[in-house]
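Hi everyone, thanks for making time this morning. Please bring up the model on your screens, and we'll walk through it together.

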Amino acid sequence: MPLKRKYVRIVEWKTTLVCCTRLLISVMWTVKVVGLGVVALSLELLAWFLRRRRPERTLNEVLFFPSEMTCVEHFFRPSSPHSCFCSLPHGIETSFARLLHHLLSATSSLDLCVFAFSNMDLCRAILALHRKGIIIRVLTDKDYTAITGSQIGILRKSGICVRCGVGSVYMHHKFAVMDHRLLITGSLNWTLTAVQSNMENIVITEEPELVQPFIKEFHRLWVDSDPARYHRSIDQKPAQSELMREL
């Protein structure tokens, strides 16, 4: 009887030892898994912190013209990019394609100041932005609004606000500011000849030191070109003449 009791105790002790060993192994695995999870979370937090501290790369791009003639329909029909069967090359990135890409990236506003505007694809891009609700203001030269092929009348008919320089000199600027942060400027007039035939250039930048002066210049020209201001100055001239005669 005592021998049997002793055997039972040995079996119980071994069973307890096995259970404790299994529990210890389970706890170790749990600690290991939790530790790995903490390490992974720490690494993710560190990567997020470094991304926040790292300054985003500022966009600076230079485009040269003339640009190769390619199909640009995919910019205006992005839902069906392969639906065009015209004879022009497809899927080729050109300077003009890059210009359209940046222009159509506007999300809130577009201020355009351009001397001559007769390129139909650029006009389509402006109209597409207008249909999306983008606030658009256009400044152009008064002598070039009525030339054959000018797209200014089309912009006006669509409801886009257009003003012309009222001074005696040409409004010879060629720049656009999108969303008050992206500047497109250079020698390029927005004409078919300039895009396809002329040696031209465009600089596209988000550098605030370059963008801000163009924003101020557009605002100055926009105020100076206000038709109401121009008509007020004309109305005041007869009154001043009458006053001088009375004196």
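Let me start with terms: two strands count as paired if DSSP finds at least two bridges between them. Helices (H or I, at least four residues) and strands (E, at least two) are DSSP runs, numbered from the N terminus. What you see is a predicted model, in which local features need pLDDT of at least 70 and side-chain atom pairs count only at pLDDT 80 or more, while totals for chains, interfaces and linings use all residues. Residues are numbered from 1 along each chain as its sequence is written, and side-chain values use heavy atoms, with hydrogens and water left out.

Now to the strands. E1 (residues 60-65) and E7 (residues 200-205) run antiparallel and are joined by 6 bridges. Which residue stands opposite valine 62 in E7? That is valine 203. On E6 (residues 182-186), threonine 185 also stands opposite valine 203, and 4 bridges join E6 to E7, again antiparallel.

Let's move on to E5 (174-178). E5 pairs with E6 in the antiparallel sense over 4 bridges, with valine 177 opposite leucine 183. The two strands form a hairpin with 3 residues between them, and aspartate 179 in the turn has a positive phi of about 55°. E5 also pairs with E2 (residues 109-114), antiparallel over 5 bridges, and there leucine 110 stands opposite methionine 178.

Is E5 buried or exposed? Buried here means under 20% relative accessible area, exposed means over 50%, and partly exposed is in between (1.4 Å probe, protein chains only). For E5, 5 of the 5 residues are buried, so the strand is largely enclosed by the rest of the structure. In a regular strand the side chains alternate between the two faces of the sheet. In E5, Lys174, Ala176 and Met178 point one way, and Phe175 and Val177 the other. Helix H3 (residues 95-103) is also largely enclosed, because 8 of its 9 residues are buried.

On to aromatic contacts. Rings of Phe, Tyr and Trp (its six-membered ring) pair if their centres lie within 6.5 Å; planes under 30 degrees apart count as stacked, over 60 as edge-to-face and the rest as tilted. By this rule the count comes to 7 aromatic pairs. One of them is phenylalanine 115 with tyrosine 170: the centres are 5.5 Å apart and the planes are at 75°, so the pair is edge-to-face. Phenylalanine 115 sits in the loop between E2 and helix H4 (120-131), and tyrosine 170 in the loop between strand E4 (161-164) and E5, 55 residues apart.

Another pair is phenylalanine 175 with phenylalanine 214, with centres 4.9 Å apart and planes at 70°, so this pair is edge-to-face. Phenylalanine 175 lies in E5 and phenylalanine 214 in helix H7 (residues 208-224), so the pair ties together parts that are 39 residues apart in sequence. Phenylalanine 175 counts as buried at 2% relative accessibility, whereas phenylalanine 214 counts as partly exposed at 24%.

To finish, let's look at charges over rings. A charge sits over a ring if NZ of Lys or CZ of Arg is within 6 Å of the ring centre and within 35 degrees of the ring normal. The charged end of arginine 137 sits over the ring of tryptophan 222, 5.2 Å from its centre. Arginine 124 lies over the face of phenylalanine 76, at 4.0 Å from the ring centre.
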